[in-house]
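Keep the 3D view open while reading.

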Amino acid sequence: MKPTLTGLLRQHFPNSHIPDNASNLAVGSFPEWDSLAHFNFLLLVEENYDVRFTIEEMADLKSLRDVEVALARLSAA
Amino acid sequence: MTIRVSSTSFLLPGNRQWTPLSQFDQLHFGEYGDWHLALLSPDSDSSLCVIFLEDIVPDTAQSSSDFDAILLPLLQPLEMRLSRVQAPTLIAFSGWRNGSPIHNARQLSWWRQLVRRFEDLLYQLAASHPSLYILNLDSVWAQKGMATAFDTRNFYAARCRLSSQGIEQLVISAVGIFERIRNAAKKVLVLDCDNTLWGGVVGEVGTSGITLESDGTGNAFVNFQKAVRQLSREGILLVLASKNNEAEVWDVFESHPGMALQRSDIVAARIDWNEKAENVRAMAEELDLGLSSFVFWDDNPLEREKMRSLCPEVTTPELPVDVGQWPDLIKASNLFARFSVTSDDERKSAQYRNRAAFVSEKKQVTDEAGFLRSIAMQPRLLPITAPLLPRAEQLCAKTNQYNLRTIRHTAADIAVFAGQDPELTFLVQLSDRFGDHGIIAMAIVREVSGIAFLDTFLMSCRVLGRHLEAWILEQIVSTLQVRGVQWLLAEFIPSGRNEVSRDFLSDHGFVRLNTENDLRADKLTVAVDSLALKGDVYFSEINSLLIPYKDVFNQL
């Protein structure tokens, strides 16, 4: 079973508190979530969901909700 | 310990793929593209420097065929580090550049020539700098395809040339190299027979019925045997742990034309119906090697599971059911891989085979002295002259078990002792019916305030069980008696691995020095103090030492 996005976020930032409803969280929500950590997080999402984001998506997907929407679109395609 | 990671490109610090290396050592990533600054850094950390030649060879160089003029300045920071820092430096490099195969169809392209020269220059540096290690990333990534290792999206979005997979493969290879720098390779391969060395069960189908030929699956078994035989030639010891009737297994070894392995390649064997874990323990004892240097290779998942649970120190890799994958698997494995293979490694199998034969024969005799007389031991005492210094230094560096103090004297130290007392600074060579064991023991005795001190007393575990230590002690005693020395002092420094040499002291008449209530201690105090002995001090009057087994040696 695929881990949830929130689960992946917790795995990626083990030292930060991630609430159950994390959709509103985005780059910069806490100090560890900087642009490099975000890029690595998107790569982690790609690996776990077996998808590939375009270079534009890598730049545009800022919040967990953005990623959820992109995943829904990719899985529908 | 810290590894400083630098690159000509960006390597996505914090990416999950770095975890195996960050679990091995703390990682310190520099700034983007600061590879040369990292190499020049004044710290003494280990270094992993990932070089993409594409990043650092200037476009303007393209017309020049003077490759050294382009490459030598790029290697300068590395040379400066190597001359200053002893810690390992791993240069992982890629010369990958996409191109049409047509470019190289008639002659090697300019780029490929440049990459080849770069690699040559790195290996030239490695030849004179033992702390330099080289990783050709292109050959690592080629295993899964270059297209999976590189990712142009990551390059344009984050200046990282690699995909997650590319980083993963880089990290796995780097961990393997750093791990080998720290820990020795495995020494013994334990092999099952049926369905491991050949297809089928010999006890059911007989020697002629097993699958072992030049076609099909039989060929996979032959190729696996060839890969294993190659390991044996590089000094890996092969042993058998098989549930079979012993005679049937040896019949296959001796009479099946498809066998690439020969009986003489096998250093020890336990072919019976006992638990394999017990048998592996017995063979470890016989070879005098720790279980942690053993690898167990068996097609049967149940046997592997039992070995993992009963002998967790032994490495038991999970194996694919398809034997066709085994030859490549064992060739590519890091388990036995070493940075270089010496001629000493190549002789190892024969030495251990001799030792195993000695131990197994000795076990069967009841008259130990009679047995030892029958093997015609000829020890020889060798004063340590200049040509023997490297061997003396190597014995100090490598001997762990039979070593009273485990002081790692350098060749220069030993030369000083030999200059001061050439008679009592010596090596010992031994040959007997089991072969020429070479130079396998060493002793240094120093005289301090009229008292003799056993500075060094060590012996290779290859010749244990022969009481050669008694002969060596006898040589020391007779010299000291001539000199009129009354006392011999010894120190045992426990290293966790040398308990066997403490027994040497008590077995030969040494007693523990008790400075509080032993009047004899007074005479020795000056020597003990001036030697600043911190370990367990033992002593004996020269004439009270016990020298057993005097008559088992043939004097030259």
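**From the sheet to the interface**

Start with chain B. Helix α5(B), residues 110-128, lies across strands β4(B) (89-94) and β5(B). Its direction makes an angle of about 155 degrees with β5(B). This is a predicted model, with an ipTM of 0.93 and a pTM of 0.78. In chain B the average pLDDT is 92, and 98% of the residues score at least 70.

Helix α9(B), residues 164-182, lies across β3(B) (46-52), β4(B) and β5(B). Relative to β4(B), helix α9(B) runs at about 150 degrees.

Now look at the sheet itself. What is the order of the strands? Reading across, it is β2-β1-β3-β4-β5 in chain B. The five strands make an open sheet, and their pairing is parallel. Which strands stand at the edges? They are β2(B), residues 26-29, and β5(B), residues 132-136. Each has a single partner strand, so one side of each has no neighbour in the sheet. On average, neighbouring strands are turned by 20 degrees against each other, with direction ignored.

Follow one pair in detail. Strand β1(B) covers residues 2-7 and pairs with β2(B) in the parallel sense. Four bridges link the two. To find one residue of this pairing, go to B:Val5, whose bridge partner in β2(B) is B:Phe29.

Next, turn to chain A. Helix α1(A) spans residues 5-12, and helix α2(A) spans residues 35-49. Their axes come within 10 Å and cross at roughly 130 degrees. The crossing of α1(A) past α2(A) is right-handed.

Which residues make the contact? From α1(A) come A:Leu5, A:Leu8 and A:His12. From α2(A) come A:Phe41, A:Leu44, A:Val45 and A:Asn48. By class, five residues of this contact are nonpolar and two are polar, with no charged residues.

Finally, bring the chains together. Ten residues of chain B contact ten residues of chain A. Which element gives the largest share on the chain B side? Helix α8(B), residues 152-158, does, with four residues. The side of chain B that touches chain A has five nonpolar, three polar and two charged residues.

Definitions and conventions: Residues are numbered from 1 along each chain as its sequence is written. Chains are lettered from A and ligands numbered from 1 in the order in which they are written. This is a predicted model: local features need pLDDT of at least 70, side-chain atom pairs count only at pLDDT 80 or more; totals for chains, interfaces and linings use all residues. Two strands pair if DSSP finds at least two bridges between them. Axes are lines fitted to C-alpha atoms, for helices over the stretch in contact, and angles run from 0 to 180 degrees between N-to-C directions. Two residues are in contact if their C-beta atoms, placed from the backbone, lie within 7 Å. pLDDT is the predictor's confidence in each residue, from 0 to 100. A crossing is left-handed if the near helix is turned anticlockwise from the far one by less than a right angle, and right-handed if clockwise. Ala, Val, Leu, Ile, Met, Phe, Trp, Tyr, Cys and Pro count as nonpolar, Asp, Glu, Lys and Arg as charged, and the others, Gly among them, as polar.
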